[in-house]
Amino acid sequence: MIHHERVKPPHHIYPPDEWNLIEKEFYPPFMEMTETIFAIGNGYLGMRGCGEEGVPVIQNGTFVNGFYESWPIVYGEEAYGFARTGQTIVNVTDSKKIKLYVDDEPLYLPSANLLNYDRRLNMKSATLDREILWETPSGKQVLIKSKRLVSFPHRHLAAMSYEVTVLNAEAPIVISSEMLYLHNHQKGNGDPRQAKGFLDRTLHPRKQIAKDRRVVLCHSTKNSNMTLACGMDHDLMTDCAYAIQDKCYEDFGAMVFSIEAKPGIPIRLLKYMTYHTTHTASPEGLCARAERTLDRALGQGFAHILADQEQFMNDFWSRSDIQVSNLDPQRTKRSNIEIQQAIRFNLFHVLQASGRADTTGVAAKGLTGQAYEGQYFWDTEIYLLPFLIYTSPRIAKNLLMFRYRMLDKARERARELNQQGAMFPWRTINGDEASAYYAAGTAQYHINADIMYALRKYVQATGDEEFLYEYGAEMLIETARLWSDLGFFSEEKQGKFCIHGVTGPDEYNTVVNNNTYTNLMAQENLQYAASVVETLREQKPEAFAALASKTGIEMEEVKEWRRAAENMYIPYDEKQKIHPQDDAFLEKEVWDLKKTPPENFPLLLFYHPLVIYRYQVIKQADIVLAMFLFGQAFSPEQKKRNFDYYDPLTTGDSSLSSCIQSIVAAEIGYPEIAVEYARAAVLMDLADIGGNVKDGCHIASMGGTWMVMVYGIAGMRDFDGILTFKPRRALDQPARIRFPLTYQGQILDVEMGPEGARYSLREGEGFMIRHEEEEIHLSSQEPVAIRPILSW
């Protein structure tokens, strides 16, 4: 069920466009929303979509992935093993400000007479473009064109082109290009999803540089001991006379250009911005890095940087684009354009959150806001990695490598929890557990298996066994050890292996026994670990010896893993013929969602956790997610009965739910429900379905959009590593969908349309796929296969 209203932006201001997000008026009622959805970033650096002028603004923000301040978690009552230190991403120095004065009057959008206004997020070139025609009170018409980008090819670089032309008169012009660190102690207003506020300033000045047209400001954090250098440099291109003045203080720097504008003669300011962070380098060394980046940018020039960006995006879309038409024939042509726009918007923001996250994770909000403290969750492995594995496997590998680098801390965390093996943090930036509420945080042991599930999918889709044996096997061993130690063989369950005191994906039911999702995940984790260790021992004895030396693994352990996996207890209620979410779930009273006031959603903001925990009510898909990830473990009849039971109990209070419910509804033959949930997933941010897009994009739901299209509409499954398609369509359905998949270094183009399913090998020597139960061998000699699509 979906219990949230959708925001409908007015079409005359926000017209649909397949490749652009367009704003045709300066529209304050949507400002807090557009600051998020017009954000740009590259996975390392992100800038919210605020205007160049700096005001008006609701939540300004510039973020560097992994740059955080730590703080002590204070408990009213302490207990052993509680997380001790929180981490929050820092809103760093803002370098995107450019203030404009004409006749000493500032451009201030709320009161300016704007004859024309056009702002657009260009998803083809990854730029934020704006064109304004401003008529001053004295009748002077000023044309202002700007283009902002955060570079993908150049990780530490952002750039802006800002062009001013006075069309009908001479005028004194001042362009003030600024950078500012302004401490913001904004708090979360009772919403636990929002970021913690810092009363004291977060960044402390260390060094400042001002020379020529360049300013560099260096700051550091107090507790996390991280250092940031932010620099800007400029090139002014005009035939008008001008003068330059620089300003540089501890928290502020500016280059002020005073220009005698002539009618019709453009004044173009090119601004280059760079961000570097470190745990180890000195302020002097970090500032030197920033200056080298600026030197390189000036040498290349804006046109070259823009061309590199466009080339990068062309490559991304060639590997990632999903094209749809007539997906909803009952709606207007404009609505179908909106669907195409929304799909690309979601994929684009996933790229912006992950593209250059080379040595970090992907935050829940990417780099579009501070909500959830900028921390990394299980979202990455379950909701983002499927898209990245099949479109950008290099990024997927980097994210798995990031998990490997925190393995030692995960071992330490397991000791704190009195467990063997390793326990990955539920939420973190630096690898330390940062969840202060263990019931809905640390108790979600399933994150261990989520990471290993993603590892298995990555290896199967890429064939990267080198990564598996060099890094993945060690993680598998330590996570399997935790499951083996955490669970036990229960006499009450006829000797089955049970796992107690855990929380599944549904955070409205916490610290339960035998959560079905968790048990299935643990079973898969144990089986995969045993299989990999056994294969290494038999086929790569030298690699096995090195692994055994590092981990102390013995084959008796592996036998225990096999025994636990083979005897894993999977709850099943014979009376209702469904899988209970956990041992006690069906014993609870059912929450009456129909009688719950609409304004009381999400429940977590209006009811004490103990109230919620007493009822059968679900925040997000749990059993339904298990049926998607482990479809082979459920019969078609079980899937239908489970969905029928759990769907009416699901609030949709989590953005992670709609996409999964859509996929499973499509599989079991509920096309109308599938479409309803698909629309909610695709429009999660553009229609602000969760009501909190102001705090940042829902990156996991955006990854879920790709899954809805590929796993839902196209019916793809990959349980055994072989791409299998079982698409379904309504009779006379004219919908068409096209998308590429990267599989073991090759590219497959998939198209589903009225004439059937078409599979085309674009690159590579060939491989085998399945359509329904038929094996199809694609090759360079026979690269195309067409098969009929069955109806629901």
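Q: Before we start, what counts as a salt bridge here?
A: A salt bridge is a side-chain nitrogen of Lys or Arg within 4 Å of a carboxyl oxygen of Asp or Glu. Keep in mind that this is a predicted model.

Q: OK. How far apart are the closest N and O atoms of Glu-474 and Lys-550?
A: They are 3.1 Å apart, and Glu-474 forms a salt bridge with Lys-550. The pair links distant parts of the chain: Glu-474 is in helix H9 (residues 465-486) and Lys-550 in helix H11 (residues 541-551), 76 residues apart.

Q: Is Glu-474 buried or exposed?
A: Glu-474 is buried, because its relative accessible area is 5%, under the 20% limit for that class.

Q: And Lys-550, buried or exposed?
A: Lys-550 has a relative accessible area of 54%, so Lys-550 counts as exposed. The limit for exposed is over 50%.

Q: Which residues are in the network joined by salt bridges that share partners?
A: Asp-408, Arg-411, Glu-474, Glu-478, Arg-481, Lys-550 and Glu-557 are joined into one network.

Q: How many salt bridges does the structure hold?
A: It holds 52.

Q: Give me another one. What does Arg-130 form a salt bridge with?
A: With Glu-53, and the closest N and O atoms are 2.5 Å apart. This pair also links distant parts of the chain: Arg-130 is in strand S10 (residues 127-135), and Glu-53 is in the loop between S3 and S4, 77 residues apart.

Q: Buried or exposed, those two, Arg-130 and Glu-53?
A: Arg-130 and Glu-53 are both buried.

Q: What about Arg-319 and Asp-315, where do they lie?
A: Both are in helix H3 (residues 302-320), 4 residues apart, which is about one turn of the helix.

Q: Why does Arg-319 count as buried?
A: Because its relative accessibility is 18%, and buried means under 20%. Asp-315 has a relative accessible area of 39%, so Asp-315 is partly exposed.

Q: Switching to the surface. Which residues make the nonpolar patch?
A: Val-55, Val-57 and Tyr-108 make a nonpolar surface patch of about 230 Å². Val-55 sits in the loop between strand S3 (45-47) and strand S4 (62-64). Val-55 is partly exposed, because its relative accessible area is 46%.

Q: Now sheets. What is the strand order in the open sheet of 5 strands?
A: The order is S20-S28-S29-S30-S33, and the pairing is antiparallel. At the edges are strand S20 (323-325) and strand S33 (784-787), each of which pairs on one side only. From one strand to the next, the twist averages 15 degrees.

Q: How many bridges join S30 to S33?
A: There are 4 bridges between S33 and strand S30 (residues 756-763), and the two run antiparallel. Arg-758 has Ile-786 in S33 as its bridge partner.

Q: Which helix lies across S20 and S28?
A: Helix H18 (residues 699-713) does, running at about 100 degrees to S28, the strand at 736-743.

Q: Last one, strand S1. Which residues are on each side?
A: In strand S1 (residues 20-23), Asn-20 and Ile-22 are on one side, and Leu-21 and Glu-23 are on the other. All of these are buried, and both faces of S1 are covered.

Q: And which strand is joined to S1 by 4 bridges?
A: Strand S9 (residues 113-122), running antiparallel to S1. Leu-21 has Leu-121 in S9 as its bridge partner.

Methods. Residues numbered from 1 in each chain as written. Predicted model: local features only at pLDDT ≥ 70, side-chain atom pairs only at ≥ 80, totals over all residues. Heavy atoms only, no water. Patch = residues over 30% accessible without salt bridge, like charges linked within 9 Å, V, L, I, M, F, W, Y side chains within 5 Å. Areas by Shrake-Rupley, 256 points an atom, 1.4 Å probe, with all protein chains shown as cover. Buried < 20%, exposed > 50% of the residue type's maximum accessible area, 1.4 Å probe, protein only. Pairing = 2+ DSSP bridges. Axes fitted to C-alpha atoms, helices over the stretch in contact; angles between N-to-C directions. Contact = heavy atoms within 4.5 Å.
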